[in-house]
Amino acid sequence: MSAAMVHAVGEAPEWEELDMVVDRGASVTVINNDMVKAVDASGARPEVRYQIADGSLIENMGQKNFTAMTDAGTTHQLTAQVTDVNKALLSVVKTVNADNRVVFDEHHSYMEDKSNGNRIPIERKNGAYVLKMWIPRDQSSPF
């Protein structure tokens, strides 16, 4: 492990708060490299590009695999592609493909694990649906 990698993880807070916009148009879950400081990006694929809303393309700078907890107290393993975005986007397609249901409603939005019926509330914030995640610095034994 390089000194830069150790230094980056050392800068991570004990718990990092991450608001993920629940996005039905996102084909993959994406974050930027400054998010999820407890984990370093690996496996950059610059030949893979993502088209953003204005039509321009941004390249894949790797991915981060991490454990996170929701405000509802549920623990999740996530994989996010790292690219040049301003907001973390949680792909509804990937979420549904992982055997979940996503419900958007004016007053009560949530993600539901279809295997056990557990629901995670999604809040409406500044015109977007947002899932608050908490990422522990210690990913080797986060809970």
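A pocket here is an open set of points on a 1 Å grid over the protein atoms alone where a 1.4 Å probe fits, with protein on both sides within 12 Å along at least five of seven lines; lining residues have an atom within 4 Å of a point. This is a predicted model, so local features need pLDDT of at least 70 and side-chain atom pairs pLDDT 80 or more, while totals for chains, interfaces and linings use all residues. Residues are numbered from 1 along each chain as its sequence is written, and side-chain values use heavy atoms, with hydrogens and water left out.

**View 1. The second largest pocket.** Its volume (the space filled by probe spheres set on grid points joined across faces, edges and corners) comes to about 370 Å³. Look for Q51, I52, A53, V85 and L89, which lie nearest the centre among 18 lining residues. That lining splits into nine nonpolar, five polar and four charged residues; Ala, Val, Leu, Ile, Met, Phe, Trp, Tyr, Cys and Pro count as nonpolar, Asp, Glu, Lys and Arg as charged, and the others, Gly among them, as polar.

**View 2. The largest pocket.** This one has a volume of about 480 Å³. Of its 22 lining residues, Q77, L78, T95, A98 and N100 sit closest to the centre. Helices (H or I, at least four residues) and strands (E, at least two) are DSSP runs, numbered from the N terminus. By type, the lining has eight nonpolar, 11 polar and three charged residues.

**View 3. The largest nonpolar core.** A nonpolar core is a set of buried (under 20% relative accessible area, 1.4 Å probe, protein chains only) Ala, Val, Leu, Ile, Met, Phe, Trp, Tyr and Cys residues joined through side-chain atoms within 4.5 Å. The largest has 24 residues, and L18, M20, V22, I31, V36, F66 and M133 make the most contacts inside it. Elements giving two or more residues include β1 (15-23), β5 (63-70) and β10 (119-125). The largest share, four residues, comes from β11. Another core of five residues lies apart from it, with V28, Y50, I58 and V85 among them.

**View 4. Around M133.** Skipping neighbours within four places in sequence, M133 is in contact (heavy atoms within 4.5 Å) with E16, E17, L18, M20, A68, M69, T70 and L78.

**View 5. The whole fold.** The protein has two helices and 11 strands. Buried residues make up 37% of its 143 residues. Of contacts between residues at least 6 apart in sequence, 56% join residues at least 24 apart.

Definitions and conventions: Buried < 20%, exposed > 50% of the residue type's maximum accessible area, 1.4 Å probe, protein only.
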